[in-house]
Amino acid sequence: MYKTTAELRSAFLAFFAKNGHQVVDSSSLVPGNDPTLLFTNAGMNQFKDVFLGLDKRSYTRATTSQRCVRAGGKHNDLDNVGYTARHHTFFEMLGNFSFGDYFKHDAIRFAWTFLTEDLKLPKERLCVTVYETDDEAYNIWKDEIGVPEDCIIRIGDNKGAPYASDNFWQMGDTGPCGPCTEIFYDHGDHIWGGRPGTPEEDGDRFIEIWNIVFMQFNRQADGAMDPLPKPSVDTGMGLERIAAILQGVHSNYQIDIFTKLIAKAAEIIGVEDLSNNSLKVIADHIRSCAFLVADGVMPSNEGRGYVLRRIIRRAVRHGNKLGATDTFFYKLVPTLIEVMGDAAKELKASQEIVEKALKAEEEQFARTLERGLGMLDQALEALKGDTLDGETVFKLYDTYGFPVDLTADVCRERNINVDEAGFETAMAEQRRRAQEAGKFGTDYNAVLKIDGETEFSGYDNLTGNSPVV
Ligand code: ATP
Ligand code: MG
Ligand code: MG
Ligand code: MG
């Protein structure tokens, strides 16, 4: 039986290879073919043009284990990390793809066979969803696979519903789209959560493991849904989620990869309680940060680099919370390379660059972290009500390098909201002042920086994003 995450990754690829799929390498986290996408966030990204018919490959079936980051843009799971058992900023998505080759019957049968025959998951723990009007998929599950009808749940668009499921996939406002079917695993009634399609589905009891998309239509600008002449299939299964099931644990953070990363982080920082939430956050964040640097992203004040900076700083803050007295984050890289096995090829090749970049960022931030946290503490103690004002959030950002979501992370631990709109206003005001100051042709940075609190701002100046007054 495949037990380790590495074995599971290989077993998945081997299963689909045996069924005629080309095994394709994971692509970079920086999408090569899509400037609108922050980071690669799904297996299908690298095949987008193939699905659109703009790119031809020598194969019509492919399978991958794709590294993904969901820490910004449309899919942002940053705030879930440390709070749910199943979300990471970085994860691997196992996928099989049909480019105008097989469709619903085979896609459903492949998934079910892999889960129940190869992995031997108990069928009674599984339930599935289909799009509300997709009778074809419903009947395949019922008649061909034999799933009991009360375990086949019809889910619509859920427009505006507070819970997550939405079983209609689309690439954009126009273009390929179609219904999904998903497979969920029930971890047992000792865990809070409800079946998909209920308001409690966002709990961690029924966990979505596999999402299968049937690209069936081409949506026109006028809303018309033209059937695609050659419908396609795109699927994604979270490697860490399926590993948790096979390793007999509930949370992704208890699988082999995370157990080792958490133990290492605890050892470096000197923590005894391995169940501490901050260790999970650090173990999660080292994966996204190290792989992002390996794929060429560097901490900076804009775009992808800023998202990376935010994640690193958040990890460093959690280390500080655990009592770290020295740099610790980059020291996790060797363990990460070891636990990621085959998936760490590129990371291994750039290990030195990655460690250096993470270390430099941590050192830079560590200088102002303590003072910023002190200021935040004071502000929270003096706070009346449950919302921290935008001016304070801005000062933490401007003077101490606290990205707004870092401040929000600290506040959330104390049930306090952050006035993000107020922060934006303060930012806009600063930009306006900077522009005005620029008109005089004087180096205001040189003149005005002598206020004792600006030690941190040095790197802001480097990227031209500098606080002026
Ligand atoms: P969820 O509803 O649990 O947030 P999703 O519907 O957003 O998941 P998909 O976009 O369908 O996820 O991605 C395909 C699969 O990738 C999911 O079924 C899940 O197994 C896995 N997955 C998605 N997001 C994450 C994440 N943040 N961390 C780990 N695995 C994930
Ligand atoms: Mg999600
Ligand atoms: Mg979902
Ligand atoms: Mg999904």
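**Exercise 1. Find the polar contacts that residues make with ligand 1, and see how much of the ligand the protein covers.**

Step 1. Start with His87: one of its polar side-chain atoms sits 2.8 Å from an oxygen atom of ligand 1. Please keep in mind as you work that this is a predicted model.

Step 2. Move on to Arg70, where a polar side-chain atom is 2.9 Å from an oxygen atom of ligand 1.

Step 3. Now look at the backbone. A backbone N or O atom of His88 lies 3.0 Å from a nitrogen atom of ligand 1. With a cut-off of 3.5 Å for a pair of N or O atoms, these distances count as polar contacts.

Step 4. Turn to the ligand's surface. Ligand 1 on its own exposes 590 Å², and 87% of that is buried by the protein.

**Exercise 2. Describe the shell around ligand 1: which residues are closest, which strands contribute, and what classes are present?**

Step 1. Count the neighbours. Ligand 1 is surrounded by 14 residues, and the closest are Arg70, Asp77, His87, Glu208 and Asn211.

Step 2. Assign the shell to strands. At least two residues each come from β3 (90-98), β8 (206-219) and β9 (225-238). The largest share belongs to β8, with four residues.

Step 3. Sort by class. The shell holds five charged, five polar and four nonpolar residues.

**Exercise 3. Characterise the second largest pocket by its volume, its lining and the elements that build it.**

Step 1. Begin with the volume, which is about 400 Å³ for the second largest pocket.

Step 2. List the lining. There are 18 lining residues, and those nearest the pocket's centre are Val50, Phe51, Gly53, Lys56 and Phe99.

Step 3. Trace the lining to its elements. Two or more residues come from each of α2 (48-51), β8 and β9. Of the elements, β9 gives the most, namely four residues.

Step 4. Look back at Exercise 2. The strands β8 and β9 each supply at least two residues of the ligand 1 shell, and they also give two or more residues to the lining of this pocket.

**Exercise 4. Is Arg309 buried or exposed, and where does it sit?**

Step 1. Locate the residue. Arg309 belongs to helix α8, which spans residues 303-321.

Step 2. Check its accessibility. Arg309 has a relative accessible area of 4%, so it is classed as buried, the cut-off being under 20%.

Step 3. Glu362 is 53 residues from Arg309 along the chain, yet their C-alpha atoms are 9.5 Å apart in space.

Notes:
Residues are numbered from 1 along each chain as its sequence is written. Chains are lettered from A and ligands numbered from 1 in the order in which they are written. This is a predicted model: local features need pLDDT of at least 70, side-chain atom pairs count only at pLDDT 80 or more; totals for chains, interfaces and linings use all residues. Side-chain values use heavy atoms; hydrogens and water are left out. A residue is near a molecule or strand if one of its heavy atoms lies within 4 Å of it. A polar contact is a pair of N or O atoms within 3.5 Å; within protein, one must be able to donate a hydrogen and the other to accept it, and residues adjacent in sequence count only if both atoms are side-chain atoms. Accessible areas come from the Shrake-Rupley method with a 1.4 Å probe; for residues, only the protein chains shown count as cover. Ala, Val, Leu, Ile, Met, Phe, Trp, Tyr, Cys and Pro count as nonpolar, Asp, Glu, Lys and Arg as charged, and the others, Gly among them, as polar. On a 1 Å grid over the protein atoms alone, a cavity is a set of points where a 1.4 Å probe fits but cannot get out, and a pocket is an open set with protein on both sides within 12 Å along at least five of seven lines; lining residues have an atom within 4 Å of a point. Grid points are joined across faces, edges and corners, and a volume is the space filled by probe spheres set on the points. Buried means under 20% relative accessible area, exposed over 50%, partly exposed in between (1.4 Å probe, protein chains only).
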